[in-house]
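Please keep the sequence and the coordinates at hand while reading.

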There are 2 protein chains.
Amino acid sequence: MNALASQVLKGDQRSIARLITLAENSDILASQAMKDIHPHTGHAHVIGITGVMGSGKSTLIAELTSEYRKKGLQVGIIAIDPTSPFSGGALLGDRIRMMELATDDGVFIRSMGTRGMLGGLTSAVYDVVEILDASGKDVVFVETVGVGQAEVDVVKIADTTLVVLVPGLGDAIQTIKAGVMEIADIYVVNKADRPGVEQTEAELQSLVDISCSGKDRQIPIIKTAAKEHQGIIELVNEMERHQKYLKKSRLFDTQRRKRYEAELVEIIRKRLMNFIFDESTFKEKVEILIDQISKKELDPYTAADEILGKIIK
Amino acid sequence: MNALASQVLKGDQRSIARLITLAENSDILASQAMKDIHPHTGHAHVIGITGVMGSGKSTLIAELTSEYRKKGLQVGIIAIDPTSPFSGGALLGDRIRMMELATDDGVFIRSMGTRGMLGGLTSAVYDVVEILDASGKDVVFVETVGVGQAEVDVVKIADTTLVVLVPGLGDAIQTIKAGVMEIADIYVVNKADRPGVEQTEAELQSLVDISCSGKDRQIPIIKTAAKEHQGIIELVNEMERHQKYLKKSRLFDTQRRKRYEAELVEIIRKRLMNFIFDESTFKEKVEILIDQISKKELDPYTAADEILGKIIK
């Protein structure tokens with residue numbers, strides 16, 4: 001076995017960080033280690049957390065992490081930040097509680113951007129989940145901000161997905177109505193000590209009544225006030241209940257298959273796109289084609305045909 | 001020339017709608033028409049509009065469209081909606097003004113989702129811009145919600161990008177600080193009749209002072225109250241000024257090249273992924289590999305190698 005993989009399996013924090021960096025950079029050294037750790041994955045409960053900015057997701061994750069730590073469980077946290085690499089300073093305020101956790105050896109925190117022309121990040125997220133899982137983390141949080149493709153993707157990675165709302169945000173309810181509805185396994189109304197919580201809860205409940213009608217599981221709504229440590233234990237219990245439900249209903253395997261399928265798609269996409277757009281073999285050809293498209297001598301579809309003709313068997 | 005392409009070039013609304021649908025579905029019929037229309041593109045001023053939900057983007061676009069129509073210009077509007085196909089009802093309220101415009105033959109409006117497992121939508125957005133451009137639209141708006149990859153992508157499509165904020169949203173400023181800063185060509189403070197507008201403007205101005213320091217163009221900040229028809233003419237003037245600046249500074253060609261490059265990447269990505277994951281040739285093989293990954297008999301990287309080995313020359 002690869003030496004780095006072996007250190008990761010022992011839970012060595014520096015080796016975990018190193019393998020993550022290699023995976024993010026699509027380093028050739030990462031592939032071998034990723035191959036070696038795969039048989040040791042599948043243990044962690046992967047929890048996706050999504051919600052608009054300002055809904056207190058980071059504080060919530062910090063509180064949940066403290067709770068899991070009290071139970072003796074190890075926790076990994078992946079914060080997918082659409083604005084990285086510029087986020088360091090701006091979001092630091094939100095993450096002070098998380099920084100405190102970073103000194104705990106049973107916790108590993110990683111922030112990742114979603115940038116990159118070829119959209120190369122998503123596959124790295126799968127890698128990081130696998131790495132943290134293999135390293136012995138019992139729970140892995142994947143946090144995303146806002147609504148969009150990243151949210152749709154996180155559902156494919158997570159066993160349990162939390163959608164976090166705050167009272168008084170009519171927009172949030174509208175967003176959920178409009179499409180995020182089906183991604184939630186659990187709704188969290190955070191900052192539940194604020195006015196308007198009853199209304200938000202009632203609106204959510206009527207959505208749940210409609211969407212879960214006739215289904216064997218109702219989406220629970222949990223109220224929390226993460227800063228005041230309220231509702232955290234209830235939420236942990238609810239997440240554990242969901243994990244049990246998945247395992248009992250065989251949905252667990254379906255969910256995991258979806259993750260592996262999405263991961264395979266990502267790896268293949270990334271390799272192919274790197275092969276075409278980053279390797280020197282094609283770079284010059286691509287430049288010439290773009291020139292011709294700009295001058296209207298060629299259209300993008302014919303250009304794509306030309307490149308594909310050179311690549312595909 | 002393809003008959004459909006020929007009708008699109010004449011500006012026939014039903015043919016435009018039909019070609020867009022074909023392109024969205026990656027229909028083989030679309031490719032030929034797309035090839036035929038490409039030489040007739042490049043005329044439209046493509047304007048990206050991004051900002052959080054509730055910032056009044058739809059109303060703003062409706063007002064801007066009315067203003068352009070008064071000038072005798074034709075307008076295309078593409079609303080990229082991360083929550084489609086479920087959005088029809090939910091966002092309708094925002095779009096009432098837009099619906100009024102839909103009866104105007106000089107305006108074409110299309111709402112598009114961002115869904116699809118293989119992320120197939122983005123290439124369709126490039127297609128729709130090309131179709132509206134070729135059909136004789138002088139201005140094409142591309143509206144996106146929130147922050148994320150869609151926003152980063154829209155910049156590649158647009159000649160001019162507007163970032164829309166509203167007074168009192170501290171989060172929005174933080175978002176901009178965190179990474180959306182560099183995408184704006186013009187800041188719009190909408191709902192500028194609300195309290196807190198001076199503070200938002202001052203905060204934005206200090207960001208502009210830092211980010212545009214030493215550059216030959218300062219990012220302008222335009223205050224609008226779209227519902228009250230305020231600031232609309234100023235904003236149209238500012239957008240036209242930006243277009244002239246692009247053309248004068250040769251940034252226009254650089255920008256267009258970027259668009260074509262991104263479009264080419266998208267077309268190739270989509271074709272390859274469809275080829276691997278949708279065609280029956282590989283479908284069964286992929287299923288078997290995912291089974292093996294799930295059972296830990298195989299890792300995703302080795303599985304990817306196997307598939308790529310079958311495809312690439």
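Strand E1 (residues 45-51) of chain B is mostly covered, since seven of its seven residues are buried. A residue is called buried if 20 or more other C-beta atoms lie within 10 Å of its own, exposed if 12 or fewer do, and partly exposed in between, with C-beta atoms placed from the backbone. Strands (E, at least two residues) and helices (H or I, at least four) are DSSP runs, numbered from the N terminus. The model is a predicted one: local features need pLDDT of at least 70, side-chain atom pairs count only at pLDDT 80 or more, and totals for chains, interfaces and linings use all residues. Residues are numbered from 1 along each chain as its sequence is written, while chains are lettered from A and ligands numbered from 1 in the order in which they are written.

In a regular strand the side chains alternate between the two faces of the sheet. On one side of E1(B) are His45(B), Ile47(B), Ile49(B) and Gly51(B), on the other Val46(B), Gly48(B) and Thr50(B), and all of them are buried, which leaves both faces covered. E1(B) runs parallel to strand E5 (residues 160-165) of chain B, and five bridges join the two; strands count as paired if DSSP finds at least two bridges between them. Within this pair, Ile49(B) stands opposite Leu162(B) of E5(B).

Chain A has 14 helices and seven strands. Of its 313 residues, 49% are buried. Two residues are in contact if their C-beta atoms, placed from the backbone, lie within 7 Å. Among the contacts in chain A with a separation of 6 or more, 74% are between residues 24 or more positions apart.

Chain A is divided into domain 1 (1-40), domain 2 (41-249) and domain 3 (279-311), with bounds that come from an automatic or database domain assignment. The contact between domains 1 and 2 of chain A takes 14 residues from domain 1 and 13 residues from domain 2. On the domain 1 side, the elements that give two or more residues are helix H1 (3-9), helix H2 (13-24) and helix H3 (28-37) of chain A. H2(A) provides the largest share of that side, six residues. By class, the domain 1 side has eight nonpolar, five polar and one charged residues; Ala, Val, Leu, Ile, Met, Phe, Trp, Tyr, Cys and Pro count as nonpolar, Asp, Glu, Lys and Arg as charged, and the others, Gly among them, as polar.

Met1(A) lies in the segment before H1 of chain A. Because 11 other C-beta atoms lie within 10 Å, Met1(A) is exposed. Leaving out residues up to four places away in sequence, Met1(A) touches Ser6(A) and Asp36(A).

Ser26(B) is in the loop between helix H2 (13-24) and helix H3 (28-37) of chain B and counts as partly exposed because it has 17 C-beta neighbours inside 10 Å. Lys191(B) is in the loop between strand E6 (186-189) and helix H10 (197-211) of chain B and, with 25 such neighbours inside 10 Å, counts as buried.

A nonpolar core is a set of buried Ala, Val, Leu, Ile, Met, Phe, Trp, Tyr and Cys residues joined through C-beta atoms within 7 Å. The largest one holds 159 residues, of which Val142(A), Ile78(B) and Val142(B) touch the most other members. Beyond its neighbours within four places in sequence, Ile78(B) is in contact with residues including Met112(B), Val125(B), Phe141(B) and Val142(B).
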